[in-house]
Amino acid sequence: MPNKFKLSSLALSIALSCHASNSWAEEQPSASSDNVEKIVVTGTFSGKSVAKEEASFAVSSFSEDDIKKLAPKSTADLFKAIPGVWAESSSGVAGANVFVRGFPGASDAPFLTVQLEGAPIFPPPTLSFLENSSMFRLDETVEFMEALRGGTNPVISNGQPGLTTNFLLKEGAEDTEGLVKYSTSDYGLQRLDAVVSGEIAEDLYIMVGGYIKSSPGVRDAGFNAEEGNQFTINITKELDNGKINFYTRQTDDHGTWYLPTPLDVEGVDNEFTQIGTLNRQAEIAYGPDGTTETIDFGQGRGWNGSVSGGSIDLEFNNGWVLVDRFSFTSGDADTYGLVPNGAAVKLSTVADNGSTAFGAVTGTEYSGDTDVQQIGRWVVKKEIEAFTNDFALTKTFDRGSVTAGLYNSTFSSKDWWSIGNQSYHVVAQGGENLTGIDCNDNADSCGWNYDLNGIGEGRTTALYLASSYEISDSVTIDAGLRRENHEIEYTVDEGLDGVVTQAVSYDESSTAWTAGINWMFSEKQGIFFRASEGSKMPFFDDFRENYASYQNGDDLIKDVEQFELGYKHSSENFELYATGFFNEVNSTFAVSPEQAAVAFTNEAYGVEIDFNYFTDNGFSINLNATLQETEVTAHDDPAVIGKEAQRLPGYQVRVTPSYDIEFENGMYATLYGTLTAVDDRFSEQYNEKALILESYQKIDLGVIFNLTDEVKMQLAVNNITDEEGLTEGDPRGVSGVLDNGRYILGRTIDFNVSYSF
């Protein structure tokens, strides 16, 4: 396997990264020069906070200032700053692919859970065409994000064995304060953010905020392809022995779904998108009678719904603590996209007359050397709902604690799909459909179609018990056990003919556990070791893709084993968190809906590094690196055994300097930047040399000016060299050639000005 790393090369890579003082990376230092002690909540059995360096698991924290410096284009774009995470955010505002620590995958984010205020926003981490980050939008109401990899994840909350990201909202205080911010860009962004908070009664606080925005998109569609708004209220009541919190977050935000585009075709680069004025309105045909409907594909992908919830956090006498977190999510997560089906070809090879064809909208006659491609008009309508409650009761003793918890969630998804609907289009920005091609004019599709109507409901109930004990002042051990019951009721009408082709009634249980030891051999320095075994329970699409296995009696539970060895050191001017990991994951993957899923086992080992150095003169630097080795150890196809997991880079290195400059007139500025270096990846499971996604490097630069204590300006340039790195090939491609690929977003310039009061 190419790019394997040995311990010597690992050490060399780290040394070179630390030496690169003129380089930049995507994660900003999360500690300022005064090294404020970091407190984390995510991952603790009781739900109460602990000091980050005392945690016996790998967790990263990102403040509001960190997030602003990263200037992410989407929620998934922020995840790039998390060690151990590979996030492909090149699809636009929604529909990212997120991979964790060598966990295999091919699309969506099966091992990612997004929490708001400690409760999952949607318990299934991934359904087809929906992953958690698509339902969450960043704005000025977010104060903090924590990201837990592995660790205690398999036991607590929804039992996610991979990555849990937890977003914490701002809360009000006695003084009324607020912010108004206007943002624009070189791609026509118009955005207004606002937030205000304060005390509305004694010990009763409120935060209200949100945004409105519109733009043609980072890749110009010619119309306002990205539009959205969001409104959040957070109310907190402080009590003598704790607090009670309620929030609601209403979102309506969508944007163009950026897809793989033809490679080595003139005019196609990292600014290209197929969607445009000439093809945004298109007809699809579905069902046995070929019912037709005209759809606006300019809607793209997005989320129109709400996430509401709250928490109760109380401390009682004799060391008793009660924490209850709850969340209700409801809305529509629809997908409208123009999806490539195969390589681009010359029009003369498919035209009825062997030469030319005509534009269906403009009537233009296109010559035989025009590049054309089958484009699928995909429609996925998804109505979801979920209620989650996580209750934990903790008893604290002199040298330890015991926690008992009850997690319960109900969730549902109603799906209507019509995907396929392939037709030849001109390869151009907004390239139109054609007439004069037989399958365009006389068939429902030039390729395959797949239509369905699905209704699914599920329930997960879990009991967990955890305990920690201080063996000495410096050594702590902990262990947790979870017993989970998972129920699914699901029916599918494939073909939209009113006939149910799949029916599922599922009731299975599983057990997860974790155990760790933490040794703090000095006040701010220690090591930890953790072992855990968890699972990813099957959700609706797992049954549809593996229906024959379900009928054969397979439980479809994916087991995950993990081992972690971590070192942490926090001092006055630097922090180092390094975690070595080994995991074994069972998974499945279906290339397309009409093909059966294949089962395989993947093993991975590696190290993730988060290093921060800061000085009193305003200079700081961060190193964020992940180095990993993956191997498929079992597979339905023997030819895949021994191969690397697809799409996972062997290394990612990000180095970030930041420098504060103070001027004589009282103004000050922060200069910062990022350099990202990503390894080669295989775009498919057979590791074909012709299908390698090449390594790339990306540079970002930014500056924040504090004109006064109230007025700030920020200028951020993303991908300053306009790098054309690829995040994926064509997931459905079978030609053995890298015909299509999805580029990272090209160079953009963003500017904002804000007023605080």
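Visitor: Are Asp415 and Lys382 buried or exposed?
Guide: Happy to start there, and keep in mind that this is a predicted model. The side chains of Asp415 and Lys382 meet in a salt bridge, at 2.5 Å from N to O. The pair links distant parts of the chain, with Asp415 in strand S27 and Lys382 in strand S26. As for burial, Asp415 and Lys382 are both buried.

Visitor: How many residues apart are Glu608 and Arg101?
Guide: Their side chains form a salt bridge, 3.1 Å from N to O. Glu608 sits in strand S36, while Arg101 lies in the loop between strand S5 and strand S6. That puts the two partners 507 residues apart.

Visitor: Why is Arg544 called buried?
Guide: Arg544 forms a salt bridge with Glu545, their closest N and O atoms being 4.0 Å apart. Glu545 is partly exposed, because its relative accessible area is 24%. Buried means under 20%. Arg544 counts as buried because its relative accessible area is 7%.

Visitor: Which handedness does the disulfide of Cys439 and Cys446 have?
Guide: The structure holds one disulfide. Cys439 and Cys446 form this bond, with sulfur atoms 2.0 Å apart, and both residues are buried. The torsion about their S-S bond is about 90 degrees, so the disulfide is right-handed.

Methods: Residues numbered from 1 in each chain as written. Predicted model: local features only at pLDDT ≥ 70, side-chain atom pairs only at ≥ 80, totals over all residues. Heavy atoms only, no water. Disulfide = S-S within 2.5 Å. Buried < 20%, exposed > 50% of the residue type's maximum accessible area, 1.4 Å probe, protein only. Helix = DSSP H or I, 4+ residues; strand = E, 2+ residues; numbered from the N terminus.
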